[in-house]
Amino acid sequence: MGVTIERLQPGDGKTFPRKGDDVTIHYVGTLASNGAKFDSSRDRNEPFVTTIGVGDVIPGWDEGVPQLSLGEKAILTCTPDYAYGKNGYPPVIPPNSTLKFEVELLNISRS
């Protein structure tokens with residue numbers, strides 16, 4: 001249980017986000033059970049900016065994103081305990097859902 005990473009496109013291999021850094025990410029979120037898309041920064045054409053490692057996002061992102069280097073594209077598969085858990089995120093994410101996020105790390109701003 002947790003988060004697994006499937007690397008799709010390498011990053012620079014040397015610049016990794018640290019706890020407290022602001023990261024800019026494009027992502028597409030889908031349900032692992034049926035592939036249904038529930039959210040996408042790409043569809044909005046607006047990258048998502050968040051502080052990583054401080055609990056502002058789901059645990060799967062806080063653990064997975066720091067393992068990506070700048071420019072890397074990967075699929076983060078997050079088990080329910082590393083996503084939205086037993087409550088889900090109604091109405092778009094059912095309870096106890098495993099989620100897949102195709103993410104691309106576009107920028108890191110050091111804290």
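This is a short walk through the structure, one selection at a time. Keep in mind that the model is predicted.

**Stop one: the core**

Start by selecting Ile25, Trp61, Phe101 and Val103. Within the largest nonpolar core, which has 22 residues, these are the ones that touch the most other members. Now colour S2, strand S5 (73-78) and strand S6 (99-109): each of them supplies at least two residues of this core. Which strand gives the most? That is S6, with five residues.

Stay with tryptophan 61 for a moment and show what surrounds it. Setting aside residues up to four places away in sequence, tryptophan 61 touches Ile25, Tyr27, Phe48, Ile52, Pro66, Leu76, Phe101 and Val103.

**Stop two: the rings**

Next, display the aromatic side chains. The whole structure contains seven aromatic pairs. One of them joins tyrosine 27 and tryptophan 61 edge-to-face, with 5.3 Å centre to centre and 80° between the planes. This pair links distant parts of the chain, since tyrosine 27 is in strand S2 and tryptophan 61 is in helix H2 (residues 59-64), 34 residues apart. Buried or exposed? Both tyrosine 27 and tryptophan 61 are buried.

Tyrosine 27 belongs to strand S2 and phenylalanine 101 to strand S6, so the pair ties together parts that are 74 residues apart in sequence. Tyrosine 27 and phenylalanine 101 are both buried.

**Stop three: the salt bridges**

Now switch to charged side chains. There are five salt bridges in the structure.

- Select arginine 7 and glutamate 72, whose closest N and O atoms are 2.6 Å apart in a salt bridge. Arginine 7 is in strand S1 (residues 3-9) and glutamate 72 in the loop between H2 and S5, so this pair ties together parts 65 residues apart in sequence. Arginine 7 is partly exposed at a relative accessible area of 46%, whereas glutamate 72 is buried at 4%.
- Move to aspartate 21 and arginine 110, a salt bridge with its closest N and O atoms 2.5 Å apart. Aspartate 21 sits in the loop between S1 and S2, and arginine 110 in the segment after S6, so the pair ties together parts 89 residues apart in sequence. Aspartate 21 has 1% relative accessibility and counts as buried, while arginine 110 is partly exposed at 40%.
- Then pick aspartate 43 and lysine 37, which form a salt bridge with the closest N and O atoms 2.7 Å apart. Here aspartate 43 counts as exposed, with 56% relative accessibility, and lysine 37 is partly exposed, with a relative accessible area of 48%.

Finish with threonine 30, located in strand S2 (residues 22-31). Its relative accessible area is 18%, so threonine 30 is buried, the cut-off being under 20%. Beyond residues up to four places away in sequence, threonine 30 touches Gly35, Ala36, Lys37, Phe38, Leu99 and Lys100.

From that list, click on alanine 36, in the loop between S2 and strand S3 (37-40). Alanine 36 is partly exposed, with a relative accessible area of 31%. Apart from neighbours within four places in sequence, alanine 36 is in contact with Gly29, Thr30 and Leu31.

How values were computed: Residues numbered from 1 in each chain as written. Predicted model: local features only at pLDDT ≥ 70, side-chain atom pairs only at ≥ 80, totals over all residues. Heavy atoms only, no water. Helix = DSSP H or I, 4+ residues; strand = E, 2+ residues; numbered from the N terminus. Buried < 20%, exposed > 50% of the residue type's maximum accessible area, 1.4 Å probe, protein only. Contact = heavy atoms within 4.5 Å. Core = buried A, V, L, I, M, F, W, Y, C linked by side-chain atoms within 4.5 Å. Phe/Tyr/Trp six-rings, centres within 6.5 Å; stacked < 30°, edge-to-face > 60°. Salt bridge = Lys/Arg side-chain N within 4 Å of Asp/Glu carboxyl O.
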